[in-house]
Every structure is written in C-alpha cells, then in structure tokens.
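I set out to look up a few residues and one group of residues, and to record what I found. The entries follow the order in which I worked.

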Amino acid sequence: MKYLAVLAALFGTSSAFVAQRPAAGVSTQLNAEEMSKALPFLTYPKNLKGYVGDVGFDPLGFSENFDMKWLRESEIKHGRSSMLACLGFVMQQWWTIPGYTHVDDSNLAPTVVGTSAMLQIVLWMGVLEFWTNKGNVTMMDMFNDPNRVPGDLGFDPMGLAVGKSDDEKAEMQLKEIKNGRLAMLAIGGMIHHNWVTGEPLF
C-alpha cells in the first residue's frame with residue numbers, strides 16, 4: 001500500500017512538467033503587438049500613428065482618452081509659447097522696456113509691470129484664441145470642421161511654406177515640434193533655476 005501511494009505521488013507530480021496545451025480561444029496577440037519606440041516596455045499608442053513627431057511616447061494614455069487633434073493643437077501652441085518665453089526670459093536680463101525698472105531675475109518681471117499689464121496679456125490671448133477658432137474653444141467643438149489641421153492658423157508672413165513639397169512641409173513641422181518640446185522643458189528649467197538659486201540665469 002505504501003509503494004502504491006509513492007507511485008501515485010510520482011505520477012501526479014510529473015504532470016507538472018508536461019507542456020500544457022493552450023485553452024481554445026486564447027490569443028497570442030500580445031506577442032504580435034507593436035511596442036513603443038520611445039518606451040519599449042509599453043505597447044505603441046495606436047492613436048499617435050500618422051502624426052509628425054510620433055515616437056510612441058504616451059505613458060499616461062492621453063491619446064486613448066482625449067481627442068488627438070485637440071492634444072496636438074495643445075502641444076503645438078504650448079511649444080510656440082515656450083519658444084517665445086525662452087527668448088523673452090533671456091532677453092529680459094539684459095534689456096528692459098523703456099519706462100520700466102530693470103530686474104536681473106526674470107521671474108520678478110511680472111511684479112515690475114504690475115497686475116493690470118499681466119491681465120491685459122491674459123485677456124488679449126483669450127480674444128485671440130476665440131477669434132482664431134471662430135468661437136469654438138472647447139475640446140468638444142474646436143474640431144467640428146474635419147478639414148481643420150491642428151496648429152495651422154494660416155500664419156506664414158515670410159512665405160516659408162510656399163512652394164514646399166509635402167515632405168518638406170513635414171520636415172519643417174517636425175523641427176517646430178521638436179524645438180517646441182525642447183522649449184517647454186527649457187522654460188521650466190530656467191524658471192526653477194531662478195526660484196531655487198535666487199539668482200539670475202546668467
């Protein structure tokens with residue numbers, strides 16, 4: 001009886017080493033899924049496909065939960081604002097608008113011009129946003145027109161896009177996206193440098 005129990009135990013445990021056949025309907029799709037170029041341990045966000053500057057970077061899944069056109073418009077506008085902000089932040093240290101007191105720390109510039117001037121900037125930027133979007137300023141209605149291209153406001157006073165092929169335009173858009181992304185990081189770094197050190201940038 002003792003030998004029968006030992007044999008039963010051996011046969012029972014040997015089944016653990018036998019390859020199990022996958023259950024019907026189990027998919028191996030995970031292995032076939034494309035992985036992100038920027039984050040190889042995450043799957044590629046499919047809603048980014050076709051957009052200039054796409055490297056599959058969307059770790060928080062914004063493209064799965066928000067309108068992709070609205071996200072691209074936001075990225076372009078913040079990038080453009082940041083490029084201007086970087087220039088202004090650096091220039092302010094050496095150049096002052098006539099009639100205003102000079103301050104070395106660019107973070108203190110808003111205190112020099114006062115609240116009313118800062119509110120005027122906010123107000124007129126709101127007017128510009130309303131005008132350029134024909135009153136459609138929310139994520140729900142900003143792209144009611146299917147032909148509206150994110151970031152394209154028809155503003156090209158120097159004619160930089162005139163006579164360019166689609167590939168050349170895409171290359172220019174990529175440069176703008178990359179410089180805008182860099183500027184967003186840069187202006188954040190410059191502001192925090194002055195806050196942390198209490199000293200001017202240069």
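Predicted model: local features only at pLDDT ≥ 70, side-chain atom pairs only at ≥ 80, totals over all residues.

**Notebook: selected residues and a core**

I began with Lys134, which I record as exposed, because its relative accessibility is 75% and the cut-off for exposed is over 50%. I located Lys134 in the loop between α6 (115-132) and α7 (166-197). I also noted that Lys134 has a positive phi of about 55 degrees, although it is not a glycine.

Next I turned to Gly61, in the loop between α2 (29-32) and α3 (62-65).

I then looked up Glu73, which belongs to helix α4 (residues 68-91). Its relative accessibility is 2%, so I list Glu73 as buried. Setting aside residues up to four places away in sequence, I found that Glu73 touches Asn133, Met142, Phe143, Arg148, Val149, Pro150 and Gly151.

Last, I asked which residues form the largest nonpolar core. I listed 6 residues: Cys86, Phe89, Ala183, Ile187, Met190 and Leu201. Both α4 and α7 supply at least two residues of this core, and the largest share, 3 residues, comes from α7. For Met190, I recorded contacts with Cys86, Phe89, Val90 and Leu201, leaving aside neighbours within four places in sequence. As general background, I noted that nonpolar side chains tend to be buried together in soluble globular proteins.

Key
Residues numbered from 1 in each chain as written. Heavy atoms only, no water. Helix = DSSP H or I, 4+ residues; strand = E, 2+ residues; numbered from the N terminus. Buried < 20%, exposed > 50% of the residue type's maximum accessible area, 1.4 Å probe, protein only. Contact = heavy atoms within 4.5 Å. Core = buried A, V, L, I, M, F, W, Y, C linked by side-chain atoms within 4.5 Å.
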